[in-house]
Amino acid sequence: MRRTALPRLLFAVALANMAYTVLVPFVPLLADRFDMSPLQIGIAFGGFAAAKAVVQPFGGRLVDRWGGLPVAFGGLCVAATATLALATSTNATSIVAFRVLWGVGEGFAMPGLYQLTSQLGQRSSIGRAKALGRFGAAAVIGMTAGPGLVAAFSGTITFRTAFIIGAAMTYLSAALILTERADLAGTHTDTGSAATGGEELARNAGLSSRQLLVAALMLGAADLFNNFIYAALEPIYPLHLKEILHASQTTIEVTFFCGLGIFAIGSFFAGTLVERWGARNSAAAAFIVQTLALLGGAAAGMTGVFVAAFFIVMAVQPVVYVALRTSVTQLTEGNEGTAFGWFGLASDVGWILGPIVAGALFQGLHGAVLLVLAAVTIAGLLTIWRTSGPYPRILDTGCDYAAGRSVAV
């Protein structure tokens, strides 16, 4: 396998995620130019996340039948087409519809991208855990760069231009995926009519089809809590700084940008921690640290302390991200599509509920909402330990992927 295979895939992921966040800076324009209400804007964002979540199990099933490459390519092309269509939108209805179609494309692409990353990591000296960590880093870098480019060229990039550029980047991302064909040759075996994707997965992992489904959903539930925290902090962090600590807008923007940078760096190194400590121990420790940081943030009366607590959360969140996705790869011996699909269905619910629930609670609880978020991290911790009971093979092993063996933690 060429040494450029995994970096090329990660670059494709970053490109696709740059387009994903292009809409964020144009939220005020949605209200002014398209006369969209806050509810309609919320539906545009929530509809994307809901469509992505619901479609992922179907995308995962296709991955097990056809392989990750064609499904990821097709999903990215759908997402790119929806992005291009957004550039021609003239009303709120079309914006919502194309955002939902975008989510459908992402729902097909994600299980394929995860499987491709896992396979390339396994076949290289990097290993699955580190590869998945670098996947997370690439995704966050892309998400950060998207709005950054819009801000840097705010005088020349219009709503229409931004989405044309975003579509072009996503089409390019899909084209880069196709270049992985030579490096992935022979990694996918069609199960044919002898077994469905889920049955093949279960046979490889030593699990029944029902156990596979339950294990993937439980891992996804733990990730749901992690995603809930991140998604909740997107509105709560600036609101807390502005309304409670009276920080400046510049402070809010700079520290949030730094937080994303910390998340990306944490993702890059999280795989090493997961390999050394094991998935269960790493994820549990990260949830504990998040709990303490959120409690500290709730008690903080100073901007510096609150920001430091936020940075700590951003530093350890990727550990949960990598640990749980590495655990999904432990469900099977290479055909992870179905597992990633059901995992994604449960996991993405956190993105939908986080900002809605936290935003509503902040109106009544103000800074005390961070105590609720701390309780959510404890729920994630308990889910980790509950999962490790019936499925010790998945969560109680650390993986020395470079050597191709599993070692007990």
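1. Thr291 is buried, with a relative accessible area of 11%; buried here means under 20%, with exposed over 50% and partly exposed in between (1.4 Å probe, protein chains only). Thr291 sits in helix H12, residues 279-299. Helices (H or I, at least four residues) and strands (E, at least two) are DSSP runs, numbered from the N terminus. Leaving aside neighbours within four places in sequence, Thr291 is in contact with Ala374, Thr377 and Ile378, where contact means heavy atoms within 4.5 Å.

2. A word on what you are looking at: this is a predicted model, in which local features need pLDDT of at least 70 and side-chain atom pairs count only at pLDDT 80 or more, while totals for chains, interfaces and linings use all residues. Residues are numbered from 1 along each chain as its sequence is written, and side-chain values use heavy atoms, with hydrogens and water left out.

3. Now for the overall picture. The chain has 17 helices and two strands. Of its 409 residues, 55% count as buried. Among contacts in the chain with a separation of 6 or more, 84% come from residues 24 or more positions apart.

4. Have a look at how helix H1 (residues 5-20) meets helix H6 (residues 128-152): they pack at an angle of about 35°, with their axes 7 Å apart. Axes are lines fitted to C-alpha atoms, for helices over the stretch in contact, and angles run from 0 to 180 degrees between N-to-C directions. The contact includes Leu6, Leu10 and Val13 of H1, and Phe135, Ala138 and Leu149 of H6. Its residues divide into 13 nonpolar, three polar and one charged. In this count Ala, Val, Leu, Ile, Met, Phe, Trp, Tyr, Cys and Pro are nonpolar, Asp, Glu, Lys and Arg charged, and the others, Gly among them, polar.

5. Phe135 also turns up in the largest nonpolar core, which has 55 residues; Phe135, Leu113 and Ile177 have the most contacts inside this core. H1 gives the most to the core, with ten residues. A nonpolar core is a set of buried Ala, Val, Leu, Ile, Met, Phe, Trp, Tyr and Cys residues joined through side-chain atoms within 4.5 Å. Beyond four places in sequence, Phe135 is in contact with residues including Leu10, Val13, Met110 and Tyr321.

6. Elsewhere in helix H6 you will find Ala137, which counts as buried at 5% relative accessibility. Not counting residues up to four places away in sequence, Ala137 touches Ala264, Ser267 and Phe268. The C-alpha atoms of Ala137 and Phe268 are 5.6 Å apart, although the two residues are separated by 131 residues along the chain.

7. How many salt bridges does a search of the whole structure find? There are two, a salt bridge being a side-chain nitrogen of Lys or Arg within 4 Å of a carboxyl oxygen of Asp or Glu. Side chains of opposite charge can pair when their charged atoms come close.

8. One of the bridges joins Lys52 and Asp348, with the closest N and O atoms 4.0 Å apart. Lys52 is in helix H3 (residues 38-66) and Asp348 in the loop between helices H14 (337-347) and H15 (349-365), 296 residues apart. Lys52 is buried at 16% relative accessibility, and Asp348 is buried at 6%.

9. Arg325 and Asp223 also form a salt bridge, at 2.8 Å from N to O.
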